[in-house]
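This report describes the pockets and the nonpolar cores of one protein model. The model is predicted.

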Amino acid sequence: MSEEKRKARRKLKPATLVTQAGRTPFDHFGFVNPPIYRGSTVLFPTVAALEALRQPYTYGTKGTPTTRALEQGWSEIAGAADTVLTPSGLAAIGLALLTATHAGAHALIVDSAYQPTRIFCDALLARFGVKVDYYDPLIGGGIAAMMKPETTAVLVESPGSLSMEVQDIPAIAAAAHAHGACVIADNTWATPLLFPPHERGCDLVIEAGTKYLSGHADLLMGLVSANSEWAKRLRATFNAFSMGSGPDDAALALRGLRTMALRLREQERAALDVAQWLENRPEVSRVLHPGLATHPGHALWKRDFTGASGVFSVILKETSKKAVAAFVDGLELFGIGFSWGGYESLVLPFDCSSYRTATRWTPEGPTLRFSIGLEDVADLKSDLEAGLARLNGH
Ligand SMILES: *Cc1c(COP(=O)(O)O)cnc(C)c1O
């Protein structure tokens with residue numbers, strides 16, 4: 001793409017950009033979408049071409065026109081210099097952490113991180129001589145005091161998984177950069193459409209494409225995007241692993257991308273509506289949704305984000321396990337399961353107090369996470385209302 005075209009593209013609104021990014025129809029006989037290129041071997045026309053290794057594609061593990069379309073499209077949307085695809089969101093987290101650490105290095109991980117991120121750090125990074133400390137999600141610029149001479153990476157995730165704390169990412173990034181450390185962000189909840197991560201100071205950004213990019217609960221994928229400072233190191237680590245995503249999955253993700261802005265907009269509206277409704281129910285103690293004025297992170301969220309996605313948590317008033325099970329088990333429209341971001345609503349009872357190490361999380365009652373899908377909100381509320389009646393019946 002020419003520099004002029006790139007500049008014009010930057011002025012487009014996100015909803016327009018997701019329909020444009022990563023598409024080059026006239027490279028494919030005018031067909032709107034790139035075809036699925038399945039392949040391992042890529043042929044070279046001559047020995048000289050083989051030795052030069054200069055053609056756009058050299059081997060299947062390094063990418064195909066289908067995977068590159070998604071990489072380039074995502075880079076454009078995220079404001080990144082480069083993007084690589086991985087077979088899952090967790091693989092993307094591992095790849096980013098391995099890009100920014102080495103034996104003897106130290107990493108700071110937010111205490112409210114996605115739990116498998118902690119397992120990756122404690123079980124795997126530690127074995128390779130990387131020391132890890134966890135920090136309070138609300139630490140902000142105070143993180144400077146936790147930096148060691150050997151700190152090379154600071155991982156943020158905002159809002160925190162399950163407990164939904166909003167982090168002051170620009171302040172944390174400024175402190176990390178003053179120290180020369182890489183800022184890694186798990187931006188899965190917001191996606192680049194609601195939080196422009198590289199603009200806010202993040203160097204390596206993870207998206208579990210499994211969630212909102214897929215949007216249909218039919219795909220596992222991770223993406224890591226990098227700014228220009230980290231792009232080369234990310235690509236080198238990616239190539240060393242050769243742990244990419246296949247062309248069929250990339251095509252499915254590209255299909256999801258085209259409606260992502262539309263789905264997010266609707267899921268934001270519906271989730272806020274359901275969250276507000278739940279907040280006014282006598283059975284509910286607190287709703288943890290950064291878009292609600294009652295959320296302690298609301299002001300920071302308003303400053304740094306352009307919107308909210310459809311995932312939030314609820315703390316119920318003290319009640320029995322049986323009553324919670326009666327509420328959740330009988331729901332017709334909410335599935336019980338992991339993951340989120342699909343068209344279908346989900347609910348998940350959780351307890352994230354057991355594995356925290358830097359802070360204590362002591363909710364006053366049972367906790368549930370909701371992912372609001374694309375159903376009609378009135379139906380969702382009726383389903384929840386019947387569920388709360390079952391809860392009260394116990
Ligand atoms: C789901 C999730 C991941 C991991 O994605 P998978 O594709 O399921 O491995 C990473 N980070 C966050 C915040 C997630 O919610």
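## Pockets and cores

In this predicted model, the residues that line the second largest pocket comprise 18 nonpolar, 9 polar and 5 charged ones. This pocket holds about 630 Å³ of space. Its lining has 32 residues, of which Tyr-114, Ser-161, Lys-211, Trp-340 and Arg-369 are the closest to the pocket centre. At least two lining residues come from each of helix H5 (89-99), helix H6 (115-125), strand S6 (204-208) and strand S11 (346-350). Because domain 1 (3-257) and domain 2 (261-393) both contribute to the lining of the second largest pocket, this pocket lies between them.

The largest pocket has a volume of about 1100 Å³. Among its 38 lining residues, Met-1, Gln-72, Ser-75, Glu-76 and Ile-77 are the closest to the centre. Helix H4 gives the most to this lining, with 9 residues.

The largest nonpolar core has 86 residues, and Ile-184 and Leu-204 have the most contacts inside it. Domain 1 (3-257) and domain 2 (261-393) both supply residues to this core, so the core lies between them. Apart from it lies another core, of 27 residues, including Ala-270, Phe-327, Leu-388 and Leu-391. Beyond its neighbours within four places in sequence, Leu-204 is in contact with residues including Ala-96, Cys-182, Ile-184, Val-224 and Trp-230.

Conventions
Residues are numbered from 1 along each chain as its sequence is written. This is a predicted model: local features need pLDDT of at least 70, side-chain atom pairs count only at pLDDT 80 or more; totals for chains, interfaces and linings use all residues. Side-chain values use heavy atoms; hydrogens and water are left out. A nonpolar core is a set of buried Ala, Val, Leu, Ile, Met, Phe, Trp, Tyr and Cys residues joined through side-chain atoms within 4.5 Å. Buried means under 20% relative accessible area, exposed over 50%, partly exposed in between (1.4 Å probe, protein chains only). Domain bounds come from an automatic or database domain assignment. Contact means heavy atoms within 4.5 Å. On a 1 Å grid over the protein atoms alone, a cavity is a set of points where a 1.4 Å probe fits but cannot get out, and a pocket is an open set with protein on both sides within 12 Å along at least five of seven lines; lining residues have an atom within 4 Å of a point. Grid points are joined across faces, edges and corners, and a volume is the space filled by probe spheres set on the points. Helices (H or I, at least four residues) and strands (E, at least two) are DSSP runs, numbered from the N terminus. Ala, Val, Leu, Ile, Met, Phe, Trp, Tyr, Cys and Pro count as nonpolar, Asp, Glu, Lys and Arg as charged, and the others, Gly among them, as polar.
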